[in-house]
Amino acid sequence: MFAAERRQLILEMVRANGAVSLRELARVVQTSEVTVRRDVRALEAEGLLDRRHGGAVLPGGFTRESGFPQKSHLATAEKTAIADLAAGLVEEGEAIVVGAGTTTQELARRLARVPGLTVVTNSLLVAQALAHANRVEVVMTGGTLRGSNYALVGSGAEQSLQGLRVSRAFLSGSGLTAERGLSTSNMLSASVDRALVQAAAEVVVLADHTKLGSDTMFQTVPTDLITRLVTDEPAAHDDRAAAELQALADQGVQIAVAGAGGGTAAPASSTEPGSGRSGRREMPLPGQRRTHGQVRGSAVLAEPGPDRARVADLRRR
(Lines give C-alpha, C1' and ligand atoms only; values in the text may rest on other atoms or scores of the structure.)
Protein backbone atom coordinates (compact mmCIF):
# COMPACT_ATOMS: atom_id res chain seq x y z
CA MET A 1 0.00 0.00 0.00
CA PHE A 2 1.34 3.41 -0.96
CA ALA A 3 1.76 6.11 1.69
CA ALA A 4 -1.13 8.17 0.27
CA GLU A 5 -3.43 5.14 0.43
CA ARG A 6 -2.38 4.34 4.00
CA ARG A 7 -2.97 7.88 5.15
CA GLN A 8 -6.38 8.05 3.51
CA LEU A 9 -7.39 4.82 5.26
CA ILE A 10 -6.02 6.08 8.59
CA LEU A 11 -7.98 9.31 8.22
CA GLU A 12 -11.17 7.40 7.39
CA MET A 13 -10.76 5.21 10.48
CA VAL A 14 -10.23 8.19 12.76
CA ARG A 15 -13.21 10.02 11.27
CA ALA A 16 -15.40 6.95 11.74
CA ASN A 17 -14.33 6.18 15.31
CA GLY A 18 -13.26 9.50 16.77
CA ALA A 19 -10.06 7.95 18.16
CA VAL A 20 -7.97 4.95 17.10
CA SER A 21 -4.87 3.42 18.67
CA LEU A 22 -1.64 3.06 16.70
CA ARG A 23 -1.81 -0.70 17.23
CA GLU A 24 -5.21 -0.89 15.57
CA LEU A 25 -4.15 1.37 12.72
CA ALA A 26 -1.05 -0.73 12.10
CA ARG A 27 -3.13 -3.90 12.10
CA VAL A 28 -5.65 -2.56 9.59
CA VAL A 29 -3.15 -1.04 7.15
CA GLN A 30 -0.81 -4.02 7.65
CA THR A 31 2.36 -2.14 8.47
CA SER A 32 4.49 -1.32 11.50
CA GLU A 33 3.55 1.13 14.24
CA VAL A 34 6.67 3.14 13.36
CA THR A 35 5.33 3.69 9.82
CA VAL A 36 1.86 4.49 11.11
CA ARG A 37 3.32 7.03 13.53
CA ARG A 38 5.02 8.82 10.61
CA ASP A 39 1.74 8.84 8.71
CA VAL A 40 -0.12 10.25 11.72
CA ARG A 41 2.49 13.00 12.10
CA ALA A 42 2.04 13.92 8.44
CA LEU A 43 -1.74 14.05 8.78
CA GLU A 44 -1.42 16.15 11.93
CA ALA A 45 0.81 18.61 10.08
CA GLU A 46 -2.03 19.04 7.57
CA GLY A 47 -4.49 19.70 10.40
CA LEU A 48 -6.54 16.59 9.61
CA LEU A 49 -6.16 14.89 13.01
CA ASP A 50 -4.49 15.25 16.39
CA ARG A 51 -1.90 12.88 17.83
CA ARG A 52 -2.34 11.42 21.30
CA HIS A 53 -0.06 9.05 23.20
CA GLY A 54 -0.53 5.72 21.46
CA GLY A 55 -3.15 6.89 18.99
CA ALA A 56 -4.84 9.54 16.89
CA VAL A 57 -8.05 11.54 17.39
CA LEU A 58 -10.09 14.05 15.43
CA PRO A 59 -9.04 17.69 15.81
CA GLY A 60 -10.42 19.39 18.91
CA GLY A 61 -9.96 16.35 21.13
CA PHE A 62 -10.19 18.45 24.31
CA THR A 63 -13.89 19.03 23.74
CA ARG A 64 -15.02 16.21 21.49
CA GLU A 65 -16.20 12.95 23.01
CA SER A 66 -16.85 9.80 20.97
CA GLY A 67 -20.15 8.04 21.48
CA PHE A 68 -20.57 4.52 22.77
CA PRO A 69 -20.68 2.84 19.32
CA GLN A 70 -17.29 4.33 18.45
CA LYS A 71 -15.69 3.66 21.85
CA SER A 72 -16.87 0.05 21.94
CA HIS A 73 -14.65 -0.79 18.95
CA LEU A 74 -11.48 0.84 20.28
CA ALA A 75 -8.71 -1.18 21.98
CA THR A 76 -11.10 -4.08 22.61
CA ALA A 77 -8.40 -6.63 23.41
CA GLU A 78 -6.72 -4.22 25.82
CA LYS A 79 -10.00 -3.45 27.60
CA THR A 80 -10.70 -7.16 28.00
CA ALA A 81 -7.28 -7.76 29.57
CA ILE A 82 -7.69 -4.75 31.87
CA ALA A 83 -11.12 -5.95 32.99
CA ASP A 84 -9.76 -9.44 33.72
CA LEU A 85 -7.06 -8.01 35.95
CA ALA A 86 -9.30 -5.48 37.69
CA ALA A 87 -11.88 -8.14 38.51
CA GLY A 88 -9.23 -9.93 40.58
CA LEU A 89 -9.21 -6.98 42.99
CA VAL A 90 -12.84 -7.53 43.97
CA GLU A 91 -13.63 -9.89 46.84
CA GLU A 92 -16.73 -11.83 47.78
CA GLY A 93 -19.29 -9.80 49.72
CA GLU A 94 -17.71 -6.45 48.85
CA ALA A 95 -19.61 -3.22 48.12
CA ILE A 96 -18.20 -1.14 45.24
CA VAL A 97 -19.16 1.61 42.82
CA VAL A 98 -18.57 1.27 39.08
CA GLY A 99 -18.69 4.27 36.77
CA ALA A 100 -19.77 4.51 33.15
CA GLY A 101 -17.60 3.46 30.21
CA THR A 102 -16.83 0.63 27.84
CA THR A 103 -13.97 -0.66 30.00
CA THR A 104 -16.10 -0.66 33.14
CA GLN A 105 -18.78 -2.51 31.18
CA GLU A 106 -16.23 -5.24 30.47
CA LEU A 107 -15.38 -5.30 34.17
CA ALA A 108 -19.07 -5.69 35.09
CA ARG A 109 -19.37 -8.78 32.92
CA ARG A 110 -16.67 -10.43 35.02
CA LEU A 111 -18.10 -9.24 38.32
CA ALA A 112 -21.24 -11.26 37.68
CA ARG A 113 -19.32 -14.27 39.00
CA VAL A 114 -18.45 -12.68 42.37
CA PRO A 115 -20.98 -13.88 45.00
CA GLY A 116 -22.43 -11.51 47.56
CA LEU A 117 -21.29 -8.42 45.67
CA THR A 118 -23.13 -5.09 45.83
CA VAL A 119 -22.52 -2.76 42.88
CA VAL A 120 -23.63 0.87 42.85
CA THR A 121 -23.55 2.38 39.36
CA ASN A 122 -24.85 5.21 37.21
CA SER A 123 -24.32 3.16 34.03
CA LEU A 124 -27.15 1.33 32.30
CA LEU A 125 -24.56 -0.82 30.53
CA VAL A 126 -22.98 -1.91 33.82
CA ALA A 127 -26.40 -2.65 35.29
CA GLN A 128 -27.38 -4.64 32.21
CA ALA A 129 -24.20 -6.73 32.41
CA LEU A 130 -25.07 -7.64 36.01
CA ALA A 131 -28.85 -7.92 35.61
CA HIS A 132 -28.92 -11.74 35.56
CA ALA A 133 -26.18 -12.39 38.13
CA ASN A 134 -27.73 -14.57 40.82
CA ARG A 135 -25.89 -13.27 43.88
CA VAL A 136 -25.02 -9.72 42.87
CA GLU A 137 -27.15 -6.79 44.04
CA VAL A 138 -27.23 -3.81 41.70
CA VAL A 139 -28.08 -0.34 43.02
CA MET A 140 -28.61 2.39 40.42
CA THR A 141 -28.34 6.10 41.00
CA GLY A 142 -31.07 8.48 39.95
CA GLY A 143 -30.45 11.19 37.41
CA THR A 144 -30.97 12.14 33.78
CA LEU A 145 -30.03 9.68 31.05
CA ARG A 146 -27.13 10.78 28.85
CA GLY A 147 -27.69 8.84 25.66
CA SER A 148 -24.16 9.03 24.24
CA ASN A 149 -22.77 6.73 26.95
CA TYR A 150 -25.95 5.34 28.58
CA ALA A 151 -25.13 6.96 31.91
CA LEU A 152 -27.26 8.74 34.50
CA VAL A 153 -25.95 12.24 35.24
CA GLY A 154 -27.04 15.48 36.85
CA SER A 155 -28.06 16.52 40.33
CA GLY A 156 -30.31 13.51 40.80
CA ALA A 157 -27.39 11.14 40.32
CA GLU A 158 -25.12 13.14 42.62
CA GLN A 159 -27.70 13.47 45.38
CA SER A 160 -28.41 9.74 45.37
CA LEU A 161 -24.74 9.12 46.20
CA GLN A 162 -24.69 11.34 49.30
CA GLY A 163 -24.04 9.39 52.49
CA LEU A 164 -22.84 6.31 50.56
CA ARG A 165 -19.64 4.53 51.60
CA VAL A 166 -18.08 1.59 49.75
CA SER A 167 -14.65 -0.03 49.60
CA ARG A 168 -13.65 0.79 46.02
CA ALA A 169 -14.63 2.88 43.04
CA PHE A 170 -13.77 1.65 39.54
CA LEU A 171 -13.67 4.48 36.99
CA SER A 172 -12.51 5.13 33.46
CA GLY A 173 -12.23 8.38 31.53
CA SER A 174 -11.00 10.08 28.37
CA GLY A 175 -7.46 10.90 29.48
CA LEU A 176 -4.92 10.29 32.24
CA THR A 177 -1.79 12.24 33.13
CA ALA A 178 0.47 12.27 36.18
CA GLU A 179 0.14 16.06 36.36
CA ARG A 180 -3.66 16.30 36.32
CA GLY A 181 -5.02 12.81 36.93
CA LEU A 182 -8.12 11.38 35.26
CA SER A 183 -10.19 13.65 33.03
CA THR A 184 -13.17 13.52 30.70
CA SER A 185 -14.68 15.67 27.95
CA ASN A 186 -18.12 16.11 29.51
CA MET A 187 -18.86 18.31 32.51
CA LEU A 188 -21.90 16.34 33.73
CA SER A 189 -20.06 13.01 33.57
CA ALA A 190 -17.10 14.47 35.43
CA SER A 191 -19.33 15.78 38.20
CA VAL A 192 -20.99 12.40 38.79
CA ASP A 193 -17.63 10.60 38.71
CA ARG A 194 -16.36 12.95 41.42
CA ALA A 195 -19.36 12.01 43.54
CA LEU A 196 -18.57 8.33 43.00
CA VAL A 197 -15.00 8.95 44.16
CA GLN A 198 -16.18 10.63 47.37
CA ALA A 199 -18.15 7.49 48.24
CA ALA A 200 -15.14 5.13 48.04
CA ALA A 201 -12.22 4.33 50.31
CA GLU A 202 -10.03 3.51 47.28
CA VAL A 203 -10.12 4.63 43.65
CA VAL A 204 -9.13 2.24 40.86
CA VAL A 205 -8.73 3.79 37.40
CA LEU A 206 -9.12 1.57 34.34
CA ALA A 207 -7.35 3.16 31.34
CA ASP A 208 -5.83 1.57 28.27
CA HIS A 209 -2.54 2.81 26.82
CA THR A 210 -4.22 5.23 24.36
CA LYS A 211 -5.36 7.39 27.30
CA LEU A 212 -1.95 7.70 28.94
CA GLY A 213 -0.66 11.24 28.53
CA SER A 214 -3.97 12.52 27.11
CA ASP A 215 -5.64 15.44 28.86
CA THR A 216 -9.25 16.53 28.39
CA MET A 217 -11.34 19.42 29.67
CA PHE A 218 -12.78 18.34 33.00
CA GLN A 219 -10.74 16.79 35.78
CA THR A 220 -12.45 13.78 37.37
CA VAL A 221 -9.90 12.40 39.84
CA PRO A 222 -6.68 14.23 40.79
CA THR A 223 -3.62 12.03 40.86
CA ASP A 224 -3.30 12.11 44.64
CA LEU A 225 -6.72 10.44 44.99
CA ILE A 226 -5.97 7.56 42.59
CA THR A 227 -5.04 4.43 44.52
CA ARG A 228 -4.43 2.10 41.58
CA LEU A 229 -4.17 2.25 37.81
CA VAL A 230 -4.99 -0.85 35.79
CA THR A 231 -3.73 -0.48 32.23
CA ASP A 232 -2.25 -2.50 29.37
CA GLU A 233 1.40 -2.67 28.37
CA PRO A 234 2.51 0.25 26.18
CA ALA A 235 4.31 -0.50 22.93
CA ALA A 236 8.06 -1.14 23.25
CA HIS A 237 8.95 2.15 21.54
CA ASP A 238 6.32 4.29 23.30
CA ASP A 239 8.72 6.17 25.56
CA ARG A 240 6.18 8.81 26.54
CA ALA A 241 3.64 6.28 27.81
CA ALA A 242 6.33 4.51 29.83
CA ALA A 243 7.44 7.87 31.25
CA GLU A 244 3.84 8.70 32.18
CA LEU A 245 3.50 5.38 34.02
CA GLN A 246 6.71 6.05 35.91
CA ALA A 247 5.54 9.57 36.82
CA LEU A 248 2.25 8.16 38.13
CA ALA A 249 4.13 5.57 40.19
CA ASP A 250 6.42 8.27 41.57
CA GLN A 251 3.33 10.09 42.84
CA GLY A 252 2.13 7.03 44.74
CA VAL A 253 -0.21 5.36 42.25
CA GLN A 254 0.00 1.56 42.29
CA ILE A 255 0.46 0.40 38.70
CA ALA A 256 -1.01 -2.86 37.42
CA VAL A 257 -0.28 -3.88 33.83
CA ALA A 258 -2.46 -6.43 32.04
CA GLY A 259 -1.04 -8.67 29.36
CA ALA A 260 2.62 -7.75 29.93
CA GLY A 261 4.81 -10.61 28.80
CA GLY A 262 1.79 -12.79 28.27
CA GLY A 263 0.66 -12.44 31.87
CA THR A 264 -0.96 -9.93 34.14
CA ALA A 265 0.28 -7.65 36.83
CA ALA A 266 -0.61 -6.86 40.36
CA PRO A 267 -0.12 -3.47 41.99
CA ALA A 268 3.60 -2.74 42.13
CA SER A 269 3.73 -1.80 45.76
CA SER A 270 5.01 -3.07 49.03
CA THR A 271 1.67 -2.35 50.67
CA GLU A 272 -1.12 -4.89 50.92
CA PRO A 273 -4.37 -4.19 49.06
CA GLY A 274 -6.58 -1.82 50.99
CA SER A 275 -3.76 -0.40 53.09
CA GLY A 276 -3.54 2.90 51.19
CA ARG A 277 -0.52 4.64 49.71
CA SER A 278 3.08 3.79 50.31
CA GLY A 279 4.72 6.76 48.60
CA ARG A 280 7.31 6.14 45.94
CA ARG A 281 7.94 2.49 45.10
CA GLU A 282 10.56 0.55 43.23
CA MET A 283 9.04 -1.30 40.30
CA PRO A 284 10.23 -3.52 37.43
CA LEU A 285 10.79 -1.41 34.35
CA PRO A 286 11.03 -1.97 30.60
CA GLY A 287 13.42 -4.51 29.21
CA GLN A 288 13.99 -6.46 32.40
CA ARG A 289 13.36 -10.19 32.59
CA ARG A 290 12.15 -12.27 35.44
CA THR A 291 14.00 -15.49 36.33
CA HIS A 292 12.56 -17.73 39.04
CA GLY A 293 10.73 -14.81 40.62
CA GLN A 294 13.67 -12.39 40.34
CA VAL A 295 14.08 -9.42 38.03
CA ARG A 296 17.30 -8.76 36.18
CA GLY A 297 18.08 -5.13 36.75
CA SER A 298 18.16 -2.60 39.53
CA ALA A 299 14.42 -2.39 40.27
CA VAL A 300 12.90 -4.47 43.04
CA LEU A 301 9.64 -6.39 42.75
CA ALA A 302 7.17 -6.20 45.59
CA GLU A 303 5.77 -9.42 46.94
CA PRO A 304 2.40 -10.23 45.35
CA GLY A 305 -0.64 -9.96 47.60
CA PRO A 306 -2.65 -13.11 48.37
CA ASP A 307 -4.74 -14.38 45.48
CA ARG A 308 -3.85 -11.34 43.43
CA ALA A 309 -2.65 -11.33 39.85
CA ARG A 310 1.09 -11.58 39.23
CA VAL A 311 3.40 -8.57 39.02
CA ALA A 312 4.38 -7.82 35.45
CA ASP A 313 7.39 -6.05 34.02
CA LEU A 314 7.16 -2.41 33.01
CA ARG A 315 9.92 -1.22 30.75
CA ARG A 316 11.93 2.00 31.22
CA ARG A 317 12.96 3.84 28.08
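Just after helix α3, Gly47 takes a positive phi of about 75°. That angle, like the rest of what I will go through, comes from a predicted model.

Staying with α3 for a moment: the helix covers residues 33–45, which is 13 residues. From the first C-alpha to the last, α3 reaches 18 Å, close to the 18 Å expected at 1.5 Å a residue. Its buried residues are Glu33, Thr35, Val36, Arg37, Asp39, Val40, Ala42 and Leu43.

Next, the two alanines.

Ala112 sits in the loop that runs between α6 (102–111) and β5 (117–121). Is Ala112 buried or partly exposed? Its relative accessible area is 29%, so Ala112 counts as partly exposed. Setting aside neighbours within four places in sequence, Ala112 has contacts with Ala129, Leu130, Ala133 and Val136. There is also Arg135, 23 residues away along the chain, with its C-alpha 8.0 Å from that of Ala112.

Ala200 belongs to strand β12, residues 200–206. Here the relative accessible area is 9%, and Ala200 is therefore buried. What does Ala200 touch, not counting residues up to four places away in sequence? The answer is a run of Arg165, Val166, Ser167, Arg168 and Ala169. Ile96 is 104 residues from Ala200 in sequence, yet the two C-alpha atoms are 7.5 Å apart in space.

To recap the two sites: Ala112 is partly exposed, in a loop, and Ala200 is buried, in a strand.

Note on methods: Residues are numbered from 1 along each chain as its sequence is written. This is a predicted model: local features need pLDDT of at least 70, side-chain atom pairs count only at pLDDT 80 or more; totals for chains, interfaces and linings use all residues. Side-chain values use heavy atoms; hydrogens and water are left out. Helices (H or I, at least four residues) and strands (E, at least two) are DSSP runs, numbered from the N terminus. The expected span of a helix is 1.5 Å times one less than its number of residues. Buried means under 20% relative accessible area, exposed over 50%, partly exposed in between (1.4 Å probe, protein chains only). Contact means heavy atoms within 4.5 Å.
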